[in-house]
Amino acid sequence: MQLHTGSVSTNSASWIGCLTYQSRAVLRPSESELEQLVAHARQRNRSLGVTGMLLYENGRFLQTLEGPPDGLATVWSSIQCDKRHRDIEILTEHMVSGRLFSDWDLLLYSREDNPRRTTRASDLAPHALAHYVPGLAQLALAGDDARINAQLASIAEQGWSADDILSHLIEPVARAMGDAWLADQCCEFDLTIGISMLQLAGHAVRTHACTGTLRRSRYSILLATAPGESHMLSTAMLADQFTDAGWQVEMAFPETKEALANQIAAQGHDAVDIALSDALTRQRALVKLREAVEASRKASSGHLVVVSVGGRLFAEATASAATVGADHARRNVGGTSVRLAQLIRQGRTLQ
Ligand SMILES: Cc1cc2nc3c(=O)[nH]c(=O)nc-3n(C[C@H](O)[C@H](O)[C@H](O)COP(=O)(O)O)c2cc1C
């Protein structure tokens, strides 16, 4: 796992690592085995400053861990060697400036086909903000960060403090999403995107509690169609998403890679998204897209941190980011602003 320990501790001591993975149990654990595992894990996590959530369902684990890079790396190296599970797959891994599971050394949700013991969001005492929880959980699972932001901004305007919003809204929403996963109402991918979105929303609440403005423009992006591409559906949809999320957005419909490169050289964006058609699978366009990616990087003289690409070829996994030398390939539009914000932060940490 690359948690970039050195740079993080130098640049910002408060940044923490966040890792989500899934795996399969080698033998289905009994309830007492699961409780034993979690009791031991909690003790160790507490001593290392690691918090998180562990979901267990019908032979599958999904765990999110967050904590100081050193502590997290220690726990992670134990987990990776643990013979009780296999097929370990990292779903997301990034640095964040605030915890999502601040009060949970390891929150456990579990379910077998025959339900035995589960902690549900609905078991918790209701708070005045509780009625927002199901709706926000739905928005997070749908990757709709624009509406999450709008709703949190309006709640902040009602006078709720950042602590209230974090403890009584954002954390319960995370638990409600865990419930949705256990009830097969969403897949792991939706859950991890939703959790990332909450992490960013939580960060925005903390950072901007004083100004009353959530997620102001911290990053800038050039949303471009691939040179010569006439279809611009996803570029237009992304423009709404990034604008609502508070980014500085510029759009470009260049005819040539040189025109795209000129715009990048002139502006100093943090990221560029270059989109192929969402309707047609123009395999041959990949060579030109790769050239456009290269030209963009060259033109940016180092300020461009993330190059993202999209289009039907990527949505259907016919091509990947690596095919064209990009940092990220969109499978769909939802959640792109969250993912690119994470990549920009990671990239800056490495620089
Ligand atoms: C699915 C799963 C999740 C685990 N989560 C944690 C955890 O969060 N923290 C932890 O210390 N150990 C966790 N463990 C247990 C570790 O893998 C390991 O057994 C334990 O930390 C003891 O490690 P050690 O033998 O290196 O001392 C988990 C094990 C499994 C199978």
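Modeller: Start with handedness: a crossing of helices is left-handed if the near helix is turned anticlockwise from the far one by less than a right angle, and right-handed if clockwise. This is a predicted model, where local features need pLDDT of at least 70, side-chain atom pairs count only at pLDDT 80 or more, and totals for chains, interfaces and linings use all residues. Residues are numbered from 1 along each chain as its sequence is written, and side-chain values use heavy atoms, without hydrogens or water.

Biologist: Is the crossing of helix 5 and helix 6 left-handed or right-handed?

Modeller: Right-handed. Helices are DSSP runs of H or I, at least four residues; strands are runs of E, at least two; both are numbered from the N terminus.

Biologist: At what angle do the axes of helix 5 and helix 6 cross?

Modeller: Roughly 140°, and the axes come within 12 Å.

Biologist: Which residues make the contact?

Modeller: Contact means heavy atoms within 4.5 Å. Helix 5 gives Leu152, Ile155 and Ala156; helix 6 gives Ile165, Leu169 and Ile170.

Biologist: How many bridges join strand 2 to strand 3?

Modeller: Strands pair if DSSP finds at least two bridges. Here there are seven, and the strands run antiparallel. Glu57 stands opposite Arg60. In the hairpin, Asn58 takes a positive phi near 40°.

Methods. Axes are lines fitted to C-alpha atoms, for helices over the stretch in contact, and angles run from 0 to 180 degrees between N-to-C directions.
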